[in-house]
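Q: I am new to this structure and would like to learn how to read a few of its features. Could we go through them one at a time?

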Amino acid sequence: MEYKNKRGECMQINRKKIWFHWGRMFIFFLIVMLIEIVNWIPMGNKEKQIKVKAAYLESEEYRITYHSNGGSGDMPDSFLSAMGGNLSDNTFTRTGYTFTGWSVSAEGNVIYKNGFAIQPVKDMDLYAVWEVNKYSVTLENTGEESNSFLSAVAYGSNVRIEAGKKEGYTFEGWTVDSMEVLLEDASNPVTTFFMPDKNVCLHANWSINSYQVTVTEGGEESTEILTVPYQSTVTIQAGTKEGYTFDKWEVESGTVQLADASNPTTSFVIEASDVKIKAIWRVNQYKITIKEEIEGILEQQSFHYGETITLQA
């Protein structure tokens, strides 16, 4: 194949050189394209994909509905994009309970804390999770066999209290420090109430008992019957008894510790029972002397008080 150059000369075309030239150009083009595909085109596509995805996520909104689940109050729904956001802070309240977080079911456990950041993929219903409050019960001035302190008592639970027993005293009722405490029977030493939303203090009231002291076999001006308060000091007197000398005291009933059982005037502390005490006497002896005017004393004898004496001339 021939062609003329610029000078008009006929030239012979070498087809091998032409194919070699175009082949080399084609290989170079392929290399450039591969470089572009490997190094530039994928990165550009990835960035475009991220931007497209972000735009999509921002355009998608999901409704978050909040349920009080036993509480009170209102909370508006919130709308979060698929990109994510924070849950609304809880505004529900429930007497006697503390809010601990959100669950996806009414009976479920806490999954999200208050204000937690989430990335929703669909509309959601969230339920408030509540923990019952616990308080203490303090019992003042109680007697034996009574608990003076109860801890960790749950709000709304039925609480049973006992005043116990107090020797020498009679229970007179409970006094409470809060109008929120309604006792089933405030006059009963064993009663119940429902725990309010606060700590509680109750005071047991008592009246002191009085007991009867009876003195038997006393003489003139002796103590007879006394009514005295528990644990008071009692003084008793045997008095006087013609023809007799006081010997001792004898406790017939009750438990007492006499200060001096041999003294006609003694004392003791009254315990929680009536007391009966007997005065014991010794009969006196007297001497009778028989005298004669001439011979003097003829006879001298001793006789007990009240004994019948027969005299002969």
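Q: Does T266 count as buried or exposed, and why?

A: Keep in mind throughout that this is a predicted model. The general idea is to look at relative accessibility, where under 20% means buried. T266 has a relative accessibility of 4%, and therefore counts as buried.

Q: Where does T266 lie, and what is it in contact with?

A: T266 belongs to strand 19, which covers residues 265-269. When its neighbours within four places in sequence are left aside, the residues in contact with T266 are V234, T235, I236, W249, L258, A259 and D260. With D260 there is also a reach from the side chain of T266 to the backbone nitrogen of D260, at 3.0 Å.

Q: How many aromatic pairs are there, and how is the pair of F99 and W130 arranged?

A: Rings are paired by the distance between their centres, within 6.5 Å, and by this rule there are 11 aromatic pairs. For F99 and W130 the ring centres are 5.8 Å apart and the planes stand at 75 degrees, so this pair is edge-to-face. Because F99 is in strand 6 (residues 97-103) and W130 in strand 8 (residues 124-132), the pair ties together parts that are 31 residues apart in sequence.

Q: Which charged residues lie over the rings of Y97 and Y244?

A: Over the ring of Y97 sits the charged end of R94, 3.8 Å from the ring's centre, while K241 lies over the face of Y244, at 5.4 Å from the ring centre.

Methods:
Residues are numbered from 1 along each chain as its sequence is written. This is a predicted model: local features need pLDDT of at least 70, side-chain atom pairs count only at pLDDT 80 or more; totals for chains, interfaces and linings use all residues. Side-chain values use heavy atoms; hydrogens and water are left out. Helices (H or I, at least four residues) and strands (E, at least two) are DSSP runs, numbered from the N terminus. Buried means under 20% relative accessible area, exposed over 50%, partly exposed in between (1.4 Å probe, protein chains only). A polar contact is a pair of N or O atoms within 3.5 Å; within protein, one must be able to donate a hydrogen and the other to accept it, and residues adjacent in sequence count only if both atoms are side-chain atoms. Contact means heavy atoms within 4.5 Å. Rings of Phe, Tyr and Trp (its six-membered ring) pair if their centres lie within 6.5 Å; planes under 30 degrees apart count as stacked, over 60 as edge-to-face and the rest as tilted. A charge sits over a ring if NZ of Lys or CZ of Arg is within 6 Å of the ring centre and within 35 degrees of the ring normal.
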